[in-house]
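These are my notebook entries on one structure. I set down what I looked up, entry by entry.

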Amino acid sequence: MTTTAAQAIDYRVADLSLAEFGRREIELAEHEMPGLMRTRAEYADRQPLKGARITGSLHMTVQTAVLIETLTALGAEVRWASCNIFSTQDHAAAAAVVGPEGTVDEPRGVPVFAWKGETLEEYWWCAEQVLRWPDGGPNMLLDDGGDATLLLHKGAEYERAGAVPSPDSTDNEEMQVVLGLLGRSLEEDAQRWTRIGEEVMGVTEETTTGVLRLYQMHETGQLLFPAINVNDSVTKSKFDNLYGCRHSLVDGINRATDVMIGGKVAVVLGYGDVGKGCADSLRGQGARVIVTEIDPICALQAAMEGYEVKTLEDV
């Protein structure tokens, strides 16, 4: 594990020597992401994001590295963590830290706190690090799943209350970790999360789970800053959810299990955009796909596409 606090940037990744491999993959990904590259070419000289201090909590992959370097090319300062304990591509994290003009011995990229296979304690420690900047905090959040937003809001809530519930007060293992972290934080600084929240101008959220949390906080008056619902944008729901899942599902299954999918019976729960992509992906590999769906229109769509539609109890 590579970690440092004394150099020009602080970071914690699995192995900084993987940066060269990560850089090659980033260069390949840039050719597949023309929108971001065109944005760099058109706006880099204007530095429209100058002054933006962005905390990102998003899968630390090669494609995310292209996003990170686009943000910095447009003038933003960035700190990054992954939003999942298993999704980090360690070579991408290393390359983001080293940067396009840095070296392993002299990293010149951005602070990244992410590695594949984090424990829950390590995951939430990383989330804390990207929210706590050396000279203050972020003024923008880029969230995926709502964990960075949750940590900030819970921290501010318990600071107002003057106490953090005991980790033993919940049976949720992950919430126990969060409460332990916030308890230690409150002892160190009774206004840390309140100050950070006051500086944040807004958050973007790109998952259904995270968006539901934001709507709930908005309805109860707990949301500390404006939020943009990226999840329901057309380019997210109709492209990433559909075609992204169609591409990545069988790839993930093959990498994890190396089991032949052809001839298997696969059950897809739900036939929204994600379900459509998953069902198509599995059928393309020769699986017999059964769809379960409570929405009558989506169920009819599945039937019209030739899938067997059943209730979960009948599968």
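**Entry 1: Ser 237**

I looked up Ser 237 and found that, at 12% relative accessibility, it counts as buried (buried means under 20% relative accessible area, exposed over 50%, and partly exposed in between, with a 1.4 Å probe and protein chains only). The model is predicted, so I note that local features need pLDDT of at least 70, that side-chain atom pairs count only at pLDDT 80 or more, and that totals for chains, interfaces and linings use all residues. Residues are numbered from 1 along each chain as its sequence is written, and side-chain values use heavy atoms, with hydrogens and water left out.

I place Ser 237 in helix H10 (residues 234-257); helices (H or I, at least four residues) and strands (E, at least two) are DSSP runs, numbered from the N terminus. Setting aside residues up to four places away in sequence, I list Asn 231, Asp 232, Leu 242 and Asp 273 as touching Ser 237, where contact means heavy atoms within 4.5 Å.

**Entry 2: Helices H5 and H7**

I next examined helix H5 (residues 120-131) and helix H7 (residues 173-188), whose axes come within 10 Å and cross at roughly 45°. Axes are lines fitted to C-alpha atoms, for helices over the stretch in contact, and angles run from 0 to 180 degrees between N-to-C directions. I therefore record H5 and H7 as oblique to each other (angles under 35 degrees count as roughly parallel, over 145 as roughly antiparallel, 65 to 115 as roughly perpendicular, and the rest as oblique).

On the H5 side of the contact I list Leu 120, Glu 121, Tyr 123, Trp 124, Trp 125 and Glu 128, and on the H7 side Glu 173, Glu 174, Val 177, Val 178 and Leu 181.

**Entry 3: Aromatic pairs**

Rings of Phe, Tyr and Trp (its six-membered ring) pair if their centres lie within 6.5 Å; planes under 30 degrees apart count as stacked, over 60 as edge-to-face and the rest as tilted.

One of the pairs is Phe 113 with Trp 125: the ring centres are 5.8 Å apart and the planes stand at 75°, so I class the pair as edge-to-face. Phe 113 lies in strand S5 (residues 112-113) and Trp 125 in helix H5, so this pair ties together parts that are 12 residues apart in sequence. Phe 113 is buried, at 3% relative accessible area, whereas Trp 125 is partly exposed, at 29%.

I also noted Tyr 123 and Trp 124, with ring centres 5.3 Å apart and planes at 85°, so this pair is edge-to-face. Tyr 123 is buried at 3% relative accessibility, and Trp 124 is buried at 2%.

**Entry 4: Helices H1 and H3**

I found that the axes of helix H1 (residues 19-31) and helix H3 (residues 62-73) come within 9 Å and cross at roughly 75°. H1 is therefore roughly perpendicular to H3. From H1, I list Arg 23, Glu 25, Ile 26, Ala 29 and Glu 30, which meet Val 62, Ala 65, Val 66 and Glu 69 in H3.
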